[in-house]
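Here's a quick briefing to keep beside the viewer. Open the structure and follow along.

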Amino acid sequence: MAVIRNGCESCADITCKSTLEVLSQDIAKNVNTAYDRVRSRGMSACLFGSSGTCCRNCNMGPCQIIDGVEEMIGICGATADTVAARNLARIIAAGSASHTDHAREMVKGFIATAKGQTAHKIQDVEKLHKLATLFGIEIEDRDKNEIALELGEKALAEFGSQDDEPITMLKRAPAKRQALWKKLGIEPRGIDREVTEMMHRTHMGVDQEYHNLMLQGSRCALSDGWGSSMLSTELTDIMFGTPVPRRAIVDLGVLKSDMVNVTVHGHEPLLAESLCIAAQEPDILELAKKAGAKGINLAGVCCTGNEILMRRGIPVAAGFIQQEMALATGAIEAMVVDVQCVMQSVAQVAKNFHTDIITTNYRAKMPDAVHIQFEEHDAMNSAKAILTKAIGNYKKRGKFFIPEKTKSDVVVGFSHETINYMLGGRFRASYRPLNDNIINGRIRGVGAIVGCDNYKYTDESHEIIARELIKNNILVLATGCAATSLGKAGLMRPEAAEFCGESLREVCETVGMPPVLHMGSCVDNSRILIAATEMVREGGLGDDISDLPAIGTAPLYMSEKAVAIGQYFVASGAQVVFQSLPITGSKAFNQYMTDGMMETYGAHWNIAEDPKEIARIMIEKIEQKRDALGINKKAERVLFDMEMRRDLGSGALSDVGCHGVAGPR
Ligand code: NFS
Ligand code: SF4
């Protein structure tokens, strides 16, 4: 096979089978991809930009700072530490703003649904009641829509709140963590306010002390993780149903030769859900048949893909890195996009084919795309207009190539509630069995692999890390494009248990679960916060998230959102490892981020380029936590197990055993 784009010096070699197959076809010859652009730019990334020491915050600059060189501080006197910290803080603000604006749309859609103004219904009443109770809303003898309306309005008010009270969801965190945030003065107040304050404090001549800047960096990130992202995840679950495990398929092979292929790309599930409903309407199906197609094949790209994959089992065609490749198949009638992570190049790639790029959100337009505004109050008609446009293209489809063999089975849908049931059994849903298995060492700990793909590094990074972790008996949780890539690698099938170390394999086989659990889109990283909190609450693994043998990585981070996620993990007490972070140009700030934060939060950032090294760090940190918890010493373990037996009372462990996870021996 001619590997035309391989061997590029500035970007990593392509190893993805479906990408290689598509790009080697004649029809893809004229397609210019990000891999080509990385190669043809012929210049390496700016040193100041990539190390965080280029400041453009005022018009006396831009200033390029060299740490330690007196003549090379900013015109205003800003040092490398200040500039790098301000830049990173602005990345966090942008990432948080993106999650927040997305979440706001979801909350507004939720309110419209409660009012009966959308095609959706309140589905998960149990979760509705839980959340409503948290928000202090009366639930007894009240209609679900009435409760939902009050919840939606209270949630919406949290975005613009001007008083100094912490956001409501913060109450879900472990008590010790809440006390720490209070002590540090970083409990997020209004969600929008934290982004605004961050932008203000990074304006020229305001906050010029990097520790202080990062306190607001944490507060802003926490307003995302425990605020907007968590609200978005929970309200979306209430509206569209909390995910439960289901089988599905991923990769470009999910496109169908005899159907109208419509890919939904972006982040907001409101539109995608409406398209799912509209694609089954008789008039739309009739129209598709008239055009000679067997029906409509919806497939996801990026996080919209993950949302409908989790809740409906709709296949995912591609993650971020493959959005151009999906179009290069020539088999897509329309790529419907909303917000975030949509490359401007897709409209240019589409020009080689009959494909329309349809933008649907007033916030996000691009040259050479068709715009059909998605109106949430008239969702069905908007969705039908979009599908009608796609169907109209079917007859114009020319030569196409679908890499049919490259698709993988996956089992997805692991909300934090499902993990309860999966390991705890239907009658005894709890995190006890997970905690017990961590305490007895069958599962050494939990590793979260999250975030984007990136042309700079090998696209095998996620897989390499995951394989190392599961081989070392570490259970993997995945979200975002990392999850798509791990699904493609075949690690989300229960059969992947064969790649695990002996004890994790035993657990996976007994329960029938894959060793890599798909927890959803990037906003669903908030599920990981809740899962971690549940583990703390269940007992035996310390009394804060920072005690847990758990660690996260977003190895191929591309988006600013990933940095916001990284910071809310760290501020919540979970260590993270990234492949790079633009802070290396300042010694003291770099040191603070990658070490000093330990003292403040009990966690810090780690940077390692090589995926195997990332895995090694993750394993090492998990083992350190195990040591600190005292669950690594053989002799003590037996004693502890005996005690645990007594604590749990008779029958408790056999109950665990009968749900598939053997108790300690
Ligand atoms: Ni997350 Fe999802 Fe993907 Fe990265 Fe973009 S789609 S929100 S940002 S690239 S994982
Ligand atoms: Fe230069 Fe200071 Fe202006 Fe930044 S804020 S561009 S460092 S003068």
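How much space lies in the largest cavity? About 220 Å³ of it, where a cavity is a set of points on a 1 Å grid over the protein atoms alone at which a 1.4 Å probe fits but cannot get out. Bear in mind that this is a predicted model, so local features need pLDDT of at least 70 and side-chain atom pairs count only at pLDDT 80 or more, while totals for chains, interfaces and linings use all residues. Residues are numbered from 1 along each chain as its sequence is written, chains are lettered from A and ligands numbered from 1 in the order in which they are written, and side-chain values use heavy atoms, with hydrogens and water left out.

**The largest cavity**

- The largest cavity is lined by 21 residues (a lining residue has an atom within 4 Å of a point), and Val446, Leu477, Ile528, Ala532 and Ala550 are the closest to its centre.
- Strand E11 (445–449), strand E12 (474–478), helix H21 and strand E14 (550–554) each put at least two residues into this lining; helices (H or I, at least four residues) and strands (E, at least two) are DSSP runs, numbered from the N terminus.
- The top contributor to the lining is H21, with five residues.
- The lining of the largest cavity has 18 nonpolar, three polar and no charged residues. Here Ala, Val, Leu, Ile, Met, Phe, Trp, Tyr, Cys and Pro count as nonpolar, Asp, Glu, Lys and Arg as charged, and the others, Gly among them, as polar.

**Ligand 2 and its cavity**

- Ligand 2 takes up the second largest cavity, meaning that more than half of its atoms lie within 2 Å of the grid points.
- That second largest cavity has a volume of about 90 Å³; a volume is the space filled by probe spheres set on the points, which are joined across faces, edges and corners.
- The residues around ligand 2 (a heavy atom within 4 Å) include Asn57, Met60, Gly61, Ile75 and Met204.
- By class, the shell around ligand 2 has eight nonpolar, three polar and one charged residues.
- Gly61 is also joined to Pro62 by a cis peptide bond, with omega about 0 degrees, and Pro62 is in the loop between strand E1 (54–55) and strand E2 (63–64).

- Cys522 is in the loop between strand E13 (516–518) and H21 (525–538).

**The largest pocket**

- The largest pocket holds about 1400 Å³ of space, a pocket being an open set with protein on both sides within 12 Å along at least five of seven lines.
- Its 33 lining residues include Ala45, Ser50, Asn454, Lys456 and Met558, the closest to its centre.
- The lining of the largest pocket divides into 16 nonpolar, eleven polar and six charged residues.
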